[in-house]
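Take each task first, then read its solution step by step.

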Amino acid sequence: MKHVKSLNKPMNSNLEKKGCGECQTSCQSACKTSCTVGNQTCEQSK
Amino acid sequence: MIHQYRNNGYNIVMDVYSGAVHVVDDVCYDVIAEVNRAEEEPTAESLKTPEVKAGLLAKLGGRYEAADIEDALSDVIELTEGNQLFMKDIYEGMVEVVKERKTVVKALCMHIAHDCNLACRYCFAEEGEYHGRRAMMSYEVGKKALDFLIANSGSRRNLEVDFFGGEPLMNWQVVKDLVAYGREQEKKFNKHFRFTVTTNGVLLNDEIQDFINKEMDNVVLSLDGRKEINDKMRPFRNGKGSYDLIVPKFQKLADSRNQERYYIRGTFTRNNLDFSNDILHYADLGFKQMSIEPVVGEETDPYAIREEDLPQIFEEYDKLAKVMIEREKEGKGFNFFHFMIDLEGGPCIYKRLSGCGSGTEYLSVTPWGDLYPCHQFVGQDEFLMGNVDEGITKPEIADEFRSCSVYSKDKCRNCFAKFYCSGGCMANAYNFHGTIHDAYDIGCEMQRKRVECAIMMKAALAEQ
């Protein structure tokens, strides 16, 4: 595409993962006063 | 749902429900904005109608060549057909699944010491006392807490335990004993403990450092940046600043961990709205993993962030993002927690919908064994959920937290950042609005700005 550069593939590709819950709890990392999950890694993709 | 914005010379288009992010040129940016003005969100079919093309030529023809407009439109159609633009919301129906899901406890915030050797002015723990009395967690209570975690963790293998306070190093022997106990238990029950500790560094020494490096998956080191900023907000009880004592210890610890698996973490207030200088100060001190959080305080606190501060805060985030791009290009990059974003993988949609897990997967334990939804609710009687002897005695509290998702909050419904923050901090929502099913508005504004900056940085660094 001439006018567009996509930075990623759509995230819905990981929809089939049914929330195994093995990932880190978001508040345990560095925040403790806000909530950020977008930077977390899926445990299954490690 | 589309969100488009310009930042640092980049035209960025986010497609909220697919998670796709595009950098586009000016004509395409304007074409997307125009077709998105329609009452109903466009589909690939509607975009192919002659009326759409004619409308775009009439509207944008003065600014761009007709061929460019038509070309950009065909790119937009291609993205839409590929579910990378104007994707429909396929997640709302999953709300019930999220609400009804079975949860297990997988993380504990252990209030190992409700006491502190600093007297930070903004401390939500009120100098470690959490609206209550000073106390240290005993080994017996700690053991019961770990037993409770194992017993309530179902088939979950990875369990997280954060030693928190107050200041956990004031009760260090108990921390060491609990880690030893946890290591014994994990073998018996096929679990794996990920221990972490959050410390102000005052009591840090070589022995403690060695233990942390051997046993702790992550360590959070509290420092507010520049000396004058830190010492104003993080003094000892006698008023003396803490910077000179703790900075060399933190530098040594970070180096001893190869600059990995730690965060130097600060709080900014309206006393240092130029907080990008504090983050750069961390970098100048040699730290590579850092975080600065906006203060959480009452609206009446003189240091609390106000709505009128937002323009300056946004400028600071913009400034920081630009400097980080430059430093990265120079090979002197560092990580800022709130600009870290995983556009490729990241957490699954269940996590994105349901958030931090407080009250369900994540609980806090007080020194005397009481259980609360998270550290920020400790001391508030209406959130006392149970204790380590009896377990959860008020499951209705867990049910309420479980029912909380980005779709249970009206403010999240039309927010482009909802799948990055997952509805925000429930304690903040409660503190400002009296319900966890709301959102802390100033926090949301800052969160959206950080997501925009983080994505702009991805765009800039993708060019390399």
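**Exercise 1.** At what angle do helix α8 and helix α10 of chain B pack, and how far apart are their axes?

*Solution.* Keep in mind that this model is predicted.
- Start by finding α8(B) at residues 206-215 and α10(B) at residues 243-256.
- The two helices pack at an angle of about 35 degrees, and their axes lie 10 Å apart.
- α8(B) supplies B:Asp206, B:Gln209, B:Ile212 and B:Asn213 to the contact, while α10(B) supplies B:Lys252, B:Leu253 and B:Ser256.
- Sorted by class, this contact of α8(B) with α10(B) has 2 nonpolar, 3 polar and 2 charged residues.
- Finally, look at the handedness: α8(B) passes α10(B) in a right-handed crossing.

**Exercise 2.** Find strand β1 of chain B and explain why it is largely enclosed by the rest of the structure.

*Solution.* 
- Go to residues 2-7 of chain B, which form β1(B).
- A residue counts as buried when its relative accessible area is under 20%.
- In β1(B), 5 of the 6 residues are buried, so the strand is largely enclosed.
- Now look at the partner: 6 bridges join β1(B) to β2(B), residues 10-15, and these strands run antiparallel.
- B:Ile2 stands opposite B:Asp15 of β2(B).
- In this hairpin 2 residues sit between the strands, and B:Asn8 takes a positive phi near 55 degrees.

**Exercise 3.** How many helices and strands does chain A have?

*Solution.* 
- Chain A has 0 helices and 1 strand.
- Next, check burial: 61% of the 46 residues of chain A count as buried.
- Chain A exposes about 1,900 Å², of which carbon and sulfur atoms supply 52%.

Note on methods:
Residues numbered from 1 in each chain as written. Chains lettered and ligands numbered in written order. Predicted model: local features only at pLDDT ≥ 70, side-chain atom pairs only at ≥ 80, totals over all residues. Heavy atoms only, no water. Axes fitted to C-alpha atoms, helices over the stretch in contact; angles between N-to-C directions. Helix = DSSP H or I, 4+ residues; strand = E, 2+ residues; numbered from the N terminus. Left-handed = near helix turned anticlockwise from the far one by under 90°. Contact = heavy atoms within 4.5 Å. Nonpolar A, V, L, I, M, F, W, Y, C, P; charged D, E, K, R; others polar. Buried < 20%, exposed > 50% of the residue type's maximum accessible area, 1.4 Å probe, protein only. Areas by Shrake-Rupley, 256 points an atom, 1.4 Å probe, with all protein chains shown as cover. Pairing = 2+ DSSP bridges.
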